[in-house]
Amino acid sequence: MQLKFPQFFVAWLIIFALTLGGCTSGIESSNTSPTSAATTSTQTVSKPTSESIPGMKDLPRLEGKATVVMTVNGAPITIELDGINAPITAGNFVDLVQKGVYDGLVFHRVVRDPQPFVAQGGDPQGKDPTFPATRLGTGGYINPKTKTERRIPLEIKPKGANEPTYSKTITDKPELQHKQGAIAMARSQAPDSASSQFYFALADLSFLDGNYAVFGNVTDGFDVVNNIKQGDRIESAKVTQGAENLKSPE
């Protein structure tokens, strides 16, 4: 399904509905917007080295593919993660799954009206049932060793490129696109602000391509995704295949 929006509607949707921010501490999700990220682009392919991206060597990396089964409302969602085209983004997700970070977390934003859009979750603050729902969307994964939030660089591989581009949006068509059932990382306006928050695309959202990092797709159970309601929780998330492909410095 390909959504076709009038130009003014897309702008409205982005500004007022698309606050996907995996936000930095103290920044509310209502203050985040992808509009600034969409104004910068590059066609230069950067190599994913610790020299070019500060802290890259300290991040988990998925060298290949992996499968995660997420259970919501008693039903499984099978997700194939693509470490070939998004090694850092997919590696971060697999690592957090293995750490149990997503178990019990809430889907704090589900947008279906006026058109199917996204189901977003992954804020660790949501594990606390007393945490105000209005503040969800502002948190990320805190590394217990460093006591700081882990953030990963924006990672998008242009179609046909040998390596992903990092820390910049792109205008080229990406290898991994916002097709219905795609899973991608939420972030604030800063390109390298993603941490643990993710979203499922509830429809084809091509206008997000090149601005947000897709790192896999739902291969089974999209009907479960399509029935997620705001406030629903992830009962569990488990790596069922490809765990050996995760290379973690921790």
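Colleague: In this predicted model, does glutamate 80 count as buried, partly exposed or exposed, and at what relative accessibility?

Modeller: The side chain of glutamate 80 meets that of lysine 65 in a salt bridge. Buried means under 20% relative accessible area and exposed means over 50%. Glutamate 80 therefore falls in between, and counts as partly exposed at 30%.

Colleague: Which parts of the chain does the pair of glutamate 80 and lysine 65 link?

Modeller: The two side chains meet at 3.5 Å, N to O. The pair links distant parts of the chain, 15 residues apart: glutamate 80 lies in strand 3 and lysine 65 in strand 2.

Colleague: Is aspartate 232 buried or exposed, and what is its relative accessible area?

Modeller: Aspartate 232 forms a salt bridge with lysine 229, the closest N and O atoms being 3.8 Å apart. Lysine 229 counts as partly exposed at 49% relative accessibility. Aspartate 232 is buried, with a relative accessible area of 11%.

Colleague: Which residues are linked with Asp95 in a network of salt bridges?

Modeller: Aspartate 95 meets arginine 150 through their side chains in a salt bridge of 2.6 Å, N to O. That pair joins helix 3 to the loop between strand 5 and strand 6, 55 residues apart. Both arginine 150 and aspartate 95 are buried. The residues linked with Asp95 in the network are Lys99 and Arg150.

Colleague: What is the volume of the largest pocket?

Modeller: The largest pocket is lined by 16 residues, with Arg150 among those nearest its centre. Its lining has 6 nonpolar, 4 polar and 6 charged residues. The volume of the largest pocket is about 290 Å³.

Note on methods. Residues numbered from 1 in each chain as written. Predicted model: local features only at pLDDT ≥ 70, side-chain atom pairs only at ≥ 80, totals over all residues. Heavy atoms only, no water. 1 Å grid on protein atoms, 1.4 Å probe; cavity = no way out; pocket = protein on both sides within 12 Å on 5 of 7 lines; lining within 4 Å. Points joined across faces, edges and corners; volume = space filled by probe spheres on them. Nonpolar A, V, L, I, M, F, W, Y, C, P; charged D, E, K, R; others polar. Salt bridge = Lys/Arg side-chain N within 4 Å of Asp/Glu carboxyl O. Helix = DSSP H or I, 4+ residues; strand = E, 2+ residues; numbered from the N terminus. Buried < 20%, exposed > 50% of the residue type's maximum accessible area, 1.4 Å probe, protein only.
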